[in-house]
Amino acid sequence: MAEFEIGQVVISRQGKDTGLEYVVAGFDSNGRVKLIRPDKFNVSRPKMKNPRHLQSTLRRAENLLEYIKAGKDIDRGYFYRSVMD
C-alpha cells in the first residue's frame, strides 16, 4: 500500500481491464486498492484490485482529491480533463 497514494493515476497490468488508467481512491482492510474510473466505477462504488496488478505512474489527479475525500461521485468529463492534464 505504501507505493500508491490517493489521487495517483495507475494502470491496470492484469485482467480484462489491462492497459486502462484508474485513479486511486483509497485502500481496504485486506490491502486491496480502491480504484475509480467514472465510465464504470465511481467514488461511491470503486473497483477493488490487488496492488500487484497495478503499475504506478508519476501523474496525480490533484483536482479530484476533494471529491474523493468527500465521497462524491465525479462527472465523466471533469474526471478525464483532470487525469489527462
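This is a predicted model: local features need pLDDT of at least 70, side-chain atom pairs count only at pLDDT 80 or more; totals for chains, interfaces and linings use all residues.
I take a polar contact as a pair of N or O atoms within 3.5 Å; within protein, one must be able to donate a hydrogen and the other to accept it, and residues adjacent in sequence count only if both atoms are side-chain atoms. I number residues from 1 along each chain as its sequence is written, and side-chain values use heavy atoms, with hydrogens and water left out.

**Entry: Glu-21**

I looked up Glu-21 and found a polar contact of 3.0 Å between its side chain and that of Arg-59. Glu-21 lies in strand 2, residues 21-27; strands (E, at least two residues) and helices (H or I, at least four) are DSSP runs, numbered from the N terminus. Contact means heavy atoms within 4.5 Å. Leaving out residues up to four places away in sequence, I list Val-9, Val-10, Ile-11, Arg-37, Arg-59, Val-83 and Met-84 as touching Glu-21.

I read an open sheet of 5 strands in the order 4-3-2-1-5, with antiparallel pairing. Strand 4 (47-49) and strand 5 (54-60) are the edge strands, each pairing on one side only. Neighbouring strands are turned by 45 degrees against each other on average, direction ignored. Two strands pair if DSSP finds at least two bridges between them.

Strand 1 (residues 8-12) is joined to strand 2 by 3 bridges, and I noted Val-23 as the partner of Val-9. Helix 2 (residues 76-84) packs on the sheet and touches strand 1, strand 2, strand 3 (33-36) and strand 5. The direction of helix 2 makes about 100 degrees with that of strand 2; axes are lines fitted to C-alpha atoms, for helices over the stretch in contact, and angles run from 0 to 180 degrees between N-to-C directions.

Between strand 2 and strand 3 I count 4 bridges, with Ile-36 as the partner of Val-23. Their hairpin has 5 residues between the strands, and Gly-31 takes a positive phi near 90 degrees there. Strand 3 and strand 4 pair over 3 bridges, and Val-33 has Lys-49 as its bridge partner.
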